[in-house]
Amino acid sequence: MKNIVVTGANGQLGNAFRRLSPEYPQFNFFFTDADTLDIINKEAVRSYLQANSIHLIINAAAYTAVDKAETDEVAACRINCEAVRNLSEAAAENHCKLIHISTDYVFDGTNCRPYTETDPACPVSAYGRTKLSGEAALQDNAEAVIIRTSWLYSETGNNFVRTMLRLGRERDELRVVFDQTGTPTYAGDLAKVVFAILLSAETGNFKSGIYHYSNEGVCSWYDFALKIMNLANLPCQILPVETKDYPTSAARPPYSVLNKTKIKDAYHLTIPHWEESLKAMMSRLS
Ligand SMILES: NC(=O)c1ccc[n+]([C@@H]2O[C@H](COP(=O)([O-])OP(=O)(O)OC[C@H]3O[C@@H](n4cnc5c(N)ncnc54)[C@H](OP(=O)(O)O)[C@@H]3O)[C@@H](O)[C@H]2O)c1
């Protein structure tokens with residue numbers, strides 16, 4: 001039985017792996033957090049892989065506070081780049097495969113068609129820069145898959161859906177930007193894709209490289225918020241505003257829709273539309 005370690009297992013995506021792992025009894029999962037495996041500590045990573053005979057690492061750990069990273073880039077870089085290099089080197093020494101998660105925020109958002117894996121990355125935020133450096137730390141690793149995803153949400157943790165539901169209960173109206181376009185991604189759907197890659201690794205079909213994954217469809221944060229209020233039957237009015245009228249510390253790409261053709265072809269995936277996944281997640285919440 002293959003031993004798989006999941007880092008950052010208390011995060012949104014990490015929790016999705018925990019929840020779905022019983023459906024994959026052919027793997028032996030080790031769920032770790034910063035207390036049990038601090039990925040910044042290279043020696044700790046090395047000895048963890050050896051002590052537990054790990055075959056594959058799923059790196060769900062990250063520094064994800066996009067605005068805070070603007071004034072805390074060194075700390076963000078430590079987790080999003082230096083720790084990824086640690087994982088990559090320790091994985092290579094121990095003949096481990098590695099699946100790493102990256103972001104649509106590596107792009108500047110000037111495209112007007114969905115981004116492919118070969119489009120040039122040019123982040124507009126400190127968070128995006130540190131995540132792109134993390135990808136670069138893996139470029140010489142022939143046994144690494146990088147999945148860039150976007151607008152991640154789940155039943156747990158800090159995310160747009162949970163924030164909208166909380167604010168929607170507290171307020172009569174909310175202003176949400178309509179000039180940033182992307183695609184929401186339900187963490188459970190992304191976790192299932194990672195499991196599909198694990199299964200294909202079992203049959204010798206682990207295909208290293210960068211892949212894009214989100215749910216299907218396209219929307220603005222305004223559309224996303226409106227759908228959340230509708231599904232939750234909340235009377236809160238959603239008002240469309242421009243990014244310039246909703247200033248944040250970090251700039252965001254105005255357009256970060258991901259083209260998913262490569263991952264769909266490689267792993268024969270059918271991806272749910274974002275509205276379908278949101279509806280299913282919200283019915284589980286209630
Ligand atoms: N959230 C999004 O909208 C979004 C969008 C695109 C891509 N992504 C990417 O998707 C991945 C998963 O994101 P997420 O939303 O699930 O993140 P998350 O909820 O913020 O979880 C990240 C986890 O990493 C842990 N962590 C931080 N430093 C660590 C360390 N040194 N060692 C071990 N664990 C550490 C955190 O623990 P503590 O909480 O204890 O610090 C946290 O549990 C990340 O790579 C992220 O960049 C996210």
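Student: Is Ile263 buried or exposed?
Tutor: Ile263 is buried, because its relative accessible area is 0%, where buried means under 20% relative accessible area, exposed means over 50%, and partly exposed is in between, using a 1.4 Å probe and protein chains only. This is a predicted model, in which local features need pLDDT of at least 70 and side-chain atom pairs count only at pLDDT 80 or more, while totals for chains, interfaces and linings use all residues. Residues are numbered from 1 along each chain as its sequence is written, and side-chain values use heavy atoms, with hydrogens and water left out.

Student: Where is Ile263 found?
Tutor: Ile263 is found in helix α8; helices (H or I, at least four residues) and strands (E, at least two) are DSSP runs that are numbered from the N terminus.

Student: Which loop is Trp151 found in?
Tutor: Trp151 is found in the loop between β5 (144–149) and β6 (152–153), and it has a positive phi of about 45° although it is not a glycine. Trp151 counts as buried, because its relative accessibility is 8%.

Student: You mentioned β5, so how many of its residues are buried?
Tutor: Six of the six residues of β5 are buried. Both faces of the strand are covered, with Ala144, Ile146 and Arg148 on one side and Val145, Ile147 and Thr149 on the other.

Student: How many bridges join β4 to β5?
Tutor: Six bridges join β4 to β5, and the two strands run parallel; two strands pair if DSSP finds at least two bridges between them. Within this pairing, His100 has Ile146 of β5 as its bridge partner. The chain gets from β4 to β5 through helix α4 (residues 126–136), and this β-α-β crossover is right-handed, a word used if, with the strands pointing away from the viewer, the path from the first strand over the helix to the second runs clockwise.

Student: What about β10, in what sense does it pair with β5?
Tutor: Strand β10 (residues 209–212) and β5 pair in the parallel sense, over four bridges. Ile146 takes part here too, with Ile210 as its bridge partner in β10.

Student: Which residues of β3 are buried on one side and on the other?
Tutor: In strand β3 (residues 56–59), Leu56 and Ile58 are buried on one side, and Ile57 and Asn59 are buried on the other. Strand β1 (residues 2–7) runs parallel to β3 and is joined to it by four bridges, with Val5 standing opposite Ile57. Four bridges also join β3 to strand β4 (residues 97–103), again in parallel, and there Ile57 stands opposite Leu98. A right-handed β-α-β unit is made by β3, helix α3 (residues 73–93) and β4.

Student: Changing topic, which residues come nearest to the ligand?
Tutor: Of the 24 residues around the ligand, those that come nearest are Leu13, Asp38, Thr64, Tyr127 and Lys131, where a residue counts as near if one of its heavy atoms lies within 4 Å.

Student: Which atom of the ligand lies 3.2 Å from a backbone N or O atom of Ile39?
Tutor: For Ile39 it is a nitrogen atom of the ligand, whereas a backbone N or O atom of Gly11 lies 3.2 Å from an oxygen atom of the ligand. A polar backbone atom of Ile101 is likewise 3.2 Å from an oxygen atom of the ligand. Taken alone the ligand exposes 900 Å², and the protein buries 77% of that, with accessible areas coming from the Shrake-Rupley method with a 1.4 Å probe; for residues, only the protein chains shown count as cover.

Student: Last one: how many helices and strands does the protein chain have?
Tutor: The protein chain has nine helices and twelve strands. Its radius of gyration is 19 Å, close to the 19 Å that the globule rule gives for 286 residues, so the chain is as compact as a globular protein of that length; the radius is taken over C-alpha atoms, and the rule is 2.2 Å times the number of residues to the power 0.38. Of the 286 residues, 52% count as buried.

Technical notes
Polar contact = N/O pair within 3.5 Å; in protein donor to acceptor, adjacent residues only side chain to side chain.
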